[in-house]
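Welcome! Please take a look at the sequence and the structure shown here, and then let us walk through a few features together.

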Amino acid sequence: AMLEVWNIIGLVCKMLVFFITGMLIGQSIRDRHPEEYGYVVASYLALGAIRLVMLLVLWMPLNCVGQRLRFSDITGMWSAGLRGIVALCLAMLANRESNGELGEKAD
């Protein structure tokens, strides 16, 4: 019973983060130029390609130090990537930093 309570609390916290992030992104997306969407898609595809190359290069060393990985494991790790709540939190931090709200240096 206690585990179910903590699962519900965790679910509510995740929903709040997704809701707040959606509101912030929705508010900031109005001020963007259309060509910036192309940069976002290109960045996503480039990061996916880099992640895939990294996993393929490190596939053999990973097999030597731990449990053997199949190609399906590699594709699962590649597709998982950086998603969900961690990606949203990083996006919110990057947005705040680009607006000058973080890391302001005093002269």
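The structure holds one salt bridge, meaning a side-chain nitrogen of Lys or Arg within 4 Å of a carboxyl oxygen of Asp or Glu. To find this contact, look for Arg 70 and Asp 73, whose side chains meet at 3.7 Å, N to O.

This is a predicted model, in which local features need pLDDT of at least 70 and side-chain atom pairs count only at pLDDT 80 or more, while totals for chains, interfaces and linings use all residues. Residues are numbered from 1 along each chain as its sequence is written, and side-chain values use heavy atoms, with hydrogens and water left out.

How open are some of the residues? Buried means under 20% relative accessible area, exposed over 50%, and partly exposed in between (1.4 Å probe, protein chains only).

| Residue | Relative accessibility | Class |
|---|---|---|
| Arg 70 | 55% | exposed |
| Asp 73 | 25% | partly exposed |
| Cys 13 | 44% | partly exposed |
| Cys 64 | 69% | exposed |
| Val 12 | 40% | partly exposed |

How many disulfides are found in the whole structure? The search finds zero, where a disulfide is a pair of cysteine sulfur atoms within 2.5 Å.

Now turn to Val 12, which sits in helix H1, residues 2-29. Together with Ile 8, Leu 16, Phe 19, Ile 20, Met 23 and Leu 24, Val 12 makes a nonpolar surface patch of about 670 Å². For such a patch, residues need over 30% relative accessible area and no salt bridge, and nonpolar side chains (Val, Leu, Ile, Met, Phe, Trp, Tyr) are joined within 5 Å.

Definitions and conventions: Patches are made of residues with over 30% relative accessible area and no salt bridge: like charges are joined within 9 Å, nonpolar side chains (Val, Leu, Ile, Met, Phe, Trp, Tyr) within 5 Å. Accessible areas come from the Shrake-Rupley method with a 1.4 Å probe; for residues, only the protein chains shown count as cover. Helices (H or I, at least four residues) and strands (E, at least two) are DSSP runs, numbered from the N terminus.
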